[in-house]
Each structure stands twice: as C-alpha cells, then as structure tokens.
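Subject: Structure handover

Hi,

Here is the structure I promised to pass on. Please open it first, then read my notes beside it.

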Amino acid sequence: MVYMSSYQRRAHAQGRAYAARQPRTAQSKTYGTAENGISATRATRAGSGTHRPTSHKAPKRSRRRNGGRRPHRVLKWVLGIFFGLFGLGLLTGCAAFAYLYTTTEVPQPEKFALAEKTRVYYADGTTLIGSYAEQNRDIISCEGLPSYLGNAIVASENRTFYTDRGVDLKGIARAFWNNVTTGTRQGGSTITQQYAERYYLGETTTYAGKAREAILALKIAQTESKDEVLCNYMNTIYLGRNSYGIQAAAKAYFNKDAKDLTLSEAAMIAGIIPSPSTWDPADNAAMAKQRFKRVLNIMEEDGYITAKDKAAAKFPDTAPVAQQNEYAGSTGYLLDMVERELVQSKAFTKEELATGGYKIVTTIDKSKQDVMQSIGDTRLSDMPETLQIGGIAVEPKTGAVVSVYAGSDYLTKQLNNADQALFEPGSTMKPFALLGAAQSGVNFNTLFNGNSHQHFSGLDAEVNNALENNWGYINLYQATANSVNTVFMNVNEHLTPQRTAAIAHEAGITGDIDENSMYNVLGINALTVWDLAQGHSTIANNGVKNTIHMVDRVIDSNNKDLYNAPNENERVFDANDCALVQKAMLGTTTYGTAAGTSTMLGRPVAGKSGTANDEKASSFVGYTPSLLNVWAIWNPDKDGNPQVVPAFSGYGISSTGYPAHLFQEYMSKVLQGTQVEEFPTAKDTGKIGGTDGTWGLGKGQSSGTTSGQQKAETDDNDSKSDSSADGKDQSSGSGTGSSSQNTQEFAQQCLNNPSYSTECPNNPGTNNGGTANDPSNGDDSGPSYDEPVQPDEESPFAPGETYSYSTTE
C-alpha cells in the first residue's frame, strides 16, 4: 500500500505540472536555429498597426512541415507492421503454449522407474551384445530422511527451489544465449524441470523438448508440493555407479541406506549430480572434493547448516566400484569400448548413454567375433600364465572393426588388450619407412648391405640382424620379407627418424614415436594393437585413411539417427607408393618370415612380423585388400613391466611365430568361401639408388629381383646407368673380385639365382646367414630350405620354412 500511495502522489504531481504549462504563442515559437528565433522576436517587437511583416522564410517553414509528413507515414507503417507481427507471434505463442499446457500429462512417479535401457547390438542390428544400466532403482518414502539430504541437493542444483514456480526463466534465457553464441550445451533447469526431464528422457535435448519440459514443470509445481517434488526427484535422478535414486546411490557409494547418510556423505553425492560418472571419487577425486566443498559453502550461506557443522564435515571414503553383471565375460570389453568411443567423440556423455534408452549398432560381426574370441582364449599347455594376447580385425575400406580380442573376462581384468595395453611393435613399423623410401623416389630394386655388425651415424653401438644373420646384398623387397634390420636402419638414415615418425602419424597412429632415435624404425616405442591396425589400414587401403571405429550408428526410441560412424576417406598417401609397400609385404607370406601363409590361405596376403627389443613382445600384421588382422603377444610381470617371452610349443626362441599362427588360424576361418582378391599392380618408377644416387649401394648398381618374386618394373635408363658403385658401405665383398663392378655383378647373380654360388646368401644348399665372403658365418637356427615343414605340422609357416629370432627383427 505504501508503494501504491507513493506512485499516486507522483502521478498527481505530474498532472498539476502539465496543467500549469501555457501553450506557446507566436512570440515564443522558434524555427530553425536559435538565431532565427531571436530574429523573429525582434521583428515582432518592431512591427506597428494591424500590418504584420511577412517573413520570407515562412514558405520554407510550411514546405518543411508538409514534407515531414511522408517520413512519419512510413514510420507509422513500419511500426504498424512490426507491432502487428509481434502481436501475431505473441498470439501464436500463447496458442501453442495453451495447447501444450492442456495436452501435457503430469506423469505418476512410478513411470520414472520404467526408463528404457540403452542397448548395444552386433552389426546385424538385432543380436544383442548387452545394455548399459540395469535400472538399479529403489523407490523409497522420504519420511525419515535427514533434512540435510534434501537441502544438500537443493543447495547444489537449485537454490531458489523453495521459492520458484518450477521454472527459472532467467536460467533458461541465459542457457539459450550461451548455446546460441558459444555453441556449447548448457542447461538452465530447476529441480522441477530436471524431474520432468527424467520422464521425457532424450526429448529435452531440443528447444521444443525444453519447452515441453518447462510446461510439465509448471503443471507439476501446481499439483505437487515442494516436498513431493524433491522426494520424487531424489527417487528418479541418476547418481552414477548404475544407481537411480538416492537409496541405490547410498548403497553404491557407502553401503548403507539413504536414511543413514551423514551430512558429509549427502554433500558428496549432491555435489556430483551434474556428472556423476565423470566426477565419481573413484575416477576424479579432485573434482569430487571441489564439488563437496561447494555444496557445504552454499548450505552454510543459505542457513541449512552452521559454520560448526561445515567445519566438522570431512570428505567421506567411498566403497569400491561394483562391476555390473552385464560386463561379465568378453562382452564387457565390447560394451566398455563402445561407451568410450561415443564419449570420446563428444557425441554423448556417460549419463546420456546410461539413461537415454538408445539403440547402439556396432560394426562387430558376431561370427567373426566368436572366432577371434575362441582363438585368443585358447591357451597352449606350456604357455606362460602371464602371457597376454591382443587382436583386432578391420575392414580397411571403411575403418569398421569387425572383431577384437581384448581379454577373456572384463570383470577379472579391466585393462583392454586391444586398445589400452601397450607393447613394442618391433619390425611391424618398418613398412612406414619403406613407404618413405617410395615417396623419396627410391626404386625397391636398389641393393643394400644386409649384413650385421654395421654402424650408423649418431650411434655408438653396432646394429645386427636377428640371430646376427648376414644377408649380403639384397634389395628392399627381400629386406622387407626377411625383416633385415641393417637395411632399414640405412633407409632411416636417409629418410631421417623425424620423417619416419611423421609418416606413421599421417597413417593414423596416435601413440608416441621417438623422432630423435634412429631405432624408431625398429619399433622401440610402445603402441596398442588398435593403433598399429589404424596405421597399417591406411596403407592397406591404398593411402586412404579411415578412422577405425566400433560404432556404426545410434538411434533413439523413435528410430531417429543420433549418430553415424565417421566416414572420412582422407587420402594421405599416393596409391602407387602404397601398392609398392604391399608388394614388398607379399614376400613376407611367400618366402619371408611367414613363408607358406599365402599358400595356406590360398590367396595373396601382405604381411609383416615384428619382435620387440630383447624378445619382450612379438606381433604380426597381415591383410587382404578387404580385411586386416593384427595379433600381438607380450609378457608383463605383476606390475605391468615387460618381461622376455619364453619359448613355448616350438614357437622359436622368442615365440615370434605365434602371432603369425594366430593370424593364419583366424583368417583361414573367416575368409573361407570368400572370393580371392588381388592387390593393385604396383609400378616402380623410382630410381636405383634414389633420386640423389646415394641410397644403398648407389646408382651404379644393376637392377634385379629376389628369388621367388615377380620382376619389378624398373627404369630402363637406370638399368643401363653408370656401373660404378658409390654406396656407403660395401665392406662385405662378393668373393669374386675386389672391384665394385664384380661385387655388384655377383650380388645380381645371387639375386637372380640363389644356386649360382655356395657363397650366395640364399643358396638352397647352405644355411642362411653366410656373407658373400665367408659362408661359414651361417647360423643353423636360420631357415632350412632343404627341410621344409610338412603342411600337417603345427607351425605358423607351414607349408614352407621355419624361422626363429633372438633379437629385434
């Protein structure tokens, strides 16, 4: 009433002031500038009789007044249209609001308990892998709950809860403005709105959904008391650890009933409500403590607790996280990988996946997954219990992951062997340097010194091949097939470690690769099976990179697409350069370290084996044009430190052949009955010795091919070029003469025909490893060409030759 009286007094005073004002006379009117007004006044005073002097400016004043009507008319039209449209929009909005208000039903509390699970399916879209959240919910009465429990939630989520009408218009406007101007997703919801949102689930991600949520909140605020709303909210909200409602959360975090929660425990739970899965103290203790302190500060400010209560409250200890039964067995890895992929893509949060009721269709092929899981789970009798196995199969043309071997039971071991556990990939990194040689214009028929005991710039220690084998003069095809370290160290010396690392990263590998170490070409930096598959899939797809992924699409309950797999198809390498690498890797599965693999599978197969330094891990990468498969084994101790992989079941000194065996077993099953595919034809237009003539033995060498290999296309001018050898290292002579010409000719003869001389590195009658000068340097543990393994024998190389390793290969 006081405010009304004051307002009336001001209005009355204003009325009197208006009545006291006198209308302007001709004497007081002024037009134009102040000077014109003064002149007019003076003229009036000077006038006499009935005659009034006529001002020559009067017509101008008249025209000016008449001319000013047109802008006024335009302004009136503009204002009329504006207010008309505004009124129409207002009426439309009111009508829409009235319709939504009358048609929106206030849900009963028990409807909240029926929220849909988010389900994950295999690639067929019908076979279920599992689901997120078992809807662990226990609706309880709020009578008997300590008052500080509800007050902690109000302090954390909606300080005006007890005074607002269920909707915070300022908060909605602020959130809308931030969403429009910054592109971020920000909520402006009261507790009542959040309570309403739980009913509509995914619908409130749109502005129309938010409007419906606000209307529902208004109706709820009119039909339920604040205590009822708060109680229903506490019974329906998701609080992490697969718990819905405060009772389930109290059990999950503190192993007690909600009525027994302390102030500290209530404040901790209330603090993490916006992001319970991310801010769980078990995952992010720092953020959980920060939110805990915030809740207590607000509770003290708003009078819910005293300063003494706040000081006495200490951050509580929480119970260990209990794993869901849904994650038991190998499917737990799939569910976890799918969740991480979607969260890392920033398309969804953990809370949205747990409560959204979505349908997630993966790229995992059920039949291929069963085969891979069975192969990985098979443990040989003498295999060390600590030995770990990881595997993955990818379609390079799309990036779709069709199967993974991450472990046998997620509840027993959460560390994922497919995309989390690390191992040294060894020589499976060499193809990236080989690609660099192709990019540098090096013809793959260029001869290199393949002997052990070599030194390279910047390194004090000598570099050796596996078993210190000496391969003599070999080209890049044979060096790739037999994984000759010294040749690839020479390549890396020309290419530089920085470029080799860059190529691997361009192919899609995200792990760290030492750009300053010459040894990075030998795979000294730990990677995951997933990372290795990503890099090789780009080469397998002829230089086109696709991000490998496990999720094909996500749809809501109305079959609306919410997410689709990335489809980049980014060309990062020349197709012919990749075809050359593929051609070199075909030698691995025919006459190289995995000889016999191609014959066994009955189709061309590109491959590359790898052994970590000191035999602490081994791996194999292989593929057809449509399917890439990677397997790796490593042997960590109880603290995760890598240990030597011991020999078992006849798989060599370091069991390097076992990943190749796993590859053969998997591919033989999943490729059965499929069409045989050919790799693209590679055209080697590079120069012998490289464009600068310094690679390998230099530009003066003859071109040639390795035994059992198709003749590579070479430049005719190169094959007829200068016959003088200016290579960097020709320390091992040919045994047929001291001149470089004789050395090159002898090497060429050995390449064309391994039986040419007993001094040829690959002479069928001698053990591999003898130099051209001294065949006695051979090693009996090398491949024996006169004693091939029979097809029915258990060997990763059957039928064909055996091969074992003792150092990085």
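This is a predicted model: local features need pLDDT of at least 70, side-chain atom pairs count only at pLDDT 80 or more; totals for chains, interfaces and linings use all residues.

On the α22 side, H536, I539 and A540 take part. They meet C578, V581, Q582 and M585 of α23. Sorted by class, this contact has five nonpolar residues, two polar ones and no charged ones.

Now look at how the two helices sit. Two packed helices are described by the angle between their axes and the distance between the axes. Helix α22 covers residues 529-540, and helix α23 covers residues 575-586. Their axes are 8 Å apart, at an angle of about 110°. Angles of 65 to 115 degrees count as roughly perpendicular, so α22 is roughly perpendicular to α23.

Stay in that region for a moment. N542 lies in the loop between α22 and β10 (544-545). Its phi is near 60°, a positive value in a residue other than glycine. Is N542 buried, partly exposed or exposed? N542 has 24% relative accessibility, so it counts as partly exposed.

Next, find α11 (residues 263-271) and α13 (residues 285-301). Their axes come within 8 Å and cross at roughly 110°. These two helices are therefore roughly perpendicular to each other. The crossing of α11 past α13 is right-handed. Which residues make the contact? From α11 come L263, S264, A267, M268, A270 and G271. From α13 come R291, F292, V295, L296 and M299. By class, that contact has eight nonpolar residues, two polar and one charged.

The buried residues are I246, Q247, A248, A249, A250, A252, Y253 and F254. What do they pack against? Their partners are β3 (136-137), α5, α9 (226-236), β4 (243-244), α11 and α12 (276-279).

One of those partners, α5, is mostly covered as well. Helix α5 spans residues 147-157, and nine of its eleven residues are buried. The buried ones are L149, G150, N151, A152, I153, V154, A155, S156 and E157.

Now step just past the end of α10. There, N255 takes a positive phi of about 55°, although N255 is not a glycine. N255 sits in the loop between α10 and α11. Is N255 buried or exposed? Exposed means over 50% relative accessible area. N255 has 61% relative accessibility, so it counts as exposed.

Aromatic rings

The count of aromatic pairs comes to 16. Take Y253 and F254 as one example. Their ring centres are 6.4 Å apart and their planes are at 45°, so the pair is tilted. Y253 is buried, with a relative accessible area of 0%. F254 is buried, with a relative accessible area of 10%.

Y651 and Y658 form another aromatic pair. This one is edge-to-face, with 5.2 Å from centre to centre and 75° between the planes. Y651 counts as buried at 3% relative accessibility. Y658 is also buried, with a relative accessible area of 2%.

Ring pairs link Y327, Y333 and Y410.

A loop residue

Where is K560? K560 is in the loop between β11 (551-555) and β12 (561-564). K560 touches V554 and I555, leaving out residues up to four places away in sequence. Now compare K560 with Y358. The two are 202 residues apart in sequence. In space, they are 9.9 Å apart, C-alpha to C-alpha.

The whole chain

Finally, zoom out. The protein chain has 27 helices and 17 strands. Of its 809 residues, 50% count as buried. Take the contacts between residues at least 6 apart in sequence: 69% of them join residues at least 24 apart.

Best wishes

Conventions: Residues are numbered from 1 along each chain as its sequence is written. Side-chain values use heavy atoms; hydrogens and water are left out. Axes are lines fitted to C-alpha atoms, for helices over the stretch in contact, and angles run from 0 to 180 degrees between N-to-C directions. Helices (H or I, at least four residues) and strands (E, at least two) are DSSP runs, numbered from the N terminus. Angles under 35 degrees count as roughly parallel, over 145 as roughly antiparallel, 65 to 115 as roughly perpendicular and the rest as oblique. A crossing is left-handed if the near helix is turned anticlockwise from the far one by less than a right angle, and right-handed if clockwise. Contact means heavy atoms within 4.5 Å. Ala, Val, Leu, Ile, Met, Phe, Trp, Tyr, Cys and Pro count as nonpolar, Asp, Glu, Lys and Arg as charged, and the others, Gly among them, as polar. Rings of Phe, Tyr and Trp (its six-membered ring) pair if their centres lie within 6.5 Å; planes under 30 degrees apart count as stacked, over 60 as edge-to-face and the rest as tilted. Buried means under 20% relative accessible area, exposed over 50%, partly exposed in between (1.4 Å probe, protein chains only).
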